Amino acid sequence: MQNLAVLTSGGDAPGMNAAVRAAVRRAAHHGVQMYGVYHGYEGLMSGDIQEMSLGSVGDIIQRGGTILYSARSEEFKTEAGQQRAVEQLRKFGIEGLIVIGGDGSFRGAQKLTEKGFPTIGVPGTIDNDIPCTDFTIGFDTALNTIVDAIDKIRDTATSHERTYIIEVMGRDAGDLALWAGLAAGAESIIIPEEEQDMEDILERLHAGQRRGKKHSIIIVAEGVGSAASYADAITKATGWETRVTVLGHIQRGGSPTAMDRMLASRMGAAAVDYLIEGKRDRMVGIQNNQIVEVDFKEALAQKHKLDLSVYQLARTLSI
């Protein structure tokens, strides 16, 4: 292979730029030209493709977001859209494509492979909800952003002796809520993977009050509902004053942590190596700190599993 391309798709995640940088520079190391596809699959269909040089990825490893931009595309889900994308890749002489994104982006990459075009996926999403990899690019940075916010909110919660309910991202996965809740010492963590009724939440709040606790922090994953609904239920049951914070898209931004920069660099470089070796229809993952390759079919057929032992630990430590 002499020409490869890279695109970022779906929601942005801190570390995507580091992965793009690694892909471009690893390709240069092999004497291969890398192209950047702008605006995801939408840009792929329209031919928004440019050559990338070593200089074009200078000074981006520390930047959040993605210099290639991202966009969602309904047209790409169609047969005609996918065929247009392949035609554009052939037009530019590109022989392999790296897709950095989540499961929806991977399904798009899989469609291109089915049409005979080699693709490799790199998991980039703050939700950490991709099967067959221990971590995804962006998760660690988002986690640290959440913990920092909780620490600040706790200062106010302590000063005013209130209960704060904090809603975090994660889509249908509870990883961000669970890890942040444990790291920040939340009294209750409400996640999609584990049922927790209101009586249990209230009992934990009352137990804290009985031992003299003046404030409480409750973390709610967006996949189980709104923080506001939990706040209303707690106020009605106890009469206590509650406050709600929805962290929102602040969780996606910011300079990537060293951990995410390392992970993105390793995965981006591995994706280039796999394409040059003739591999396709696979994603890069990390398991037990080792870079691995997983067939798209295997990865997309599985459901992400949360380590519930961490959940039990959080409950034990928050008594």
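Leaving aside residues up to four places away in sequence, I217 is in contact with I150, I153, R154, A157, Y164, I166, A186, E187 and S188. The model examined here is predicted. I217 belongs to strand β8, which covers residues 216-221. The relative accessible area of I217 is 0%, and because buried means under 20%, I217 counts as buried. Between the C-alpha atoms of I217 and K91 there is a separation of 55 Å, and these two residues lie 126 residues apart along the chain.

Helix α9 comprises the 19 residues 258-276. The buried residues of α9 are D260, L263, A264, M267, G268, A269, A270, A271, V272, D273, Y274 and L275. After α9 comes G278, which has a positive phi near 90°.

Empty space in the model was also examined. Rolling a probe the size of a water molecule over the atoms shows where such space is left. The largest pocket holds about 620 Å³ of space. This pocket is lined by 29 residues, of which G10, R72, D103, G104 and S105 are the closest to its centre. Helix α4, made up of residues 103-114, contributes the most to the lining of the largest pocket, giving 6 residues. Sorted by class, the lining consists of 12 charged, 12 polar and 5 nonpolar residues.

How values were computed:
Residues numbered from 1 in each chain as written. Predicted model: local features only at pLDDT ≥ 70, side-chain atom pairs only at ≥ 80, totals over all residues. Heavy atoms only, no water. Helix = DSSP H or I, 4+ residues; strand = E, 2+ residues; numbered from the N terminus. Expected span 1.5 Å × (residues − 1). Buried < 20%, exposed > 50% of the residue type's maximum accessible area, 1.4 Å probe, protein only. Contact = heavy atoms within 4.5 Å. 1 Å grid on protein atoms, 1.4 Å probe; cavity = no way out; pocket = protein on both sides within 12 Å on 5 of 7 lines; lining within 4 Å. Points joined across faces, edges and corners; volume = space filled by probe spheres on them. Nonpolar A, V, L, I, M, F, W, Y, C, P; charged D, E, K, R; others polar.
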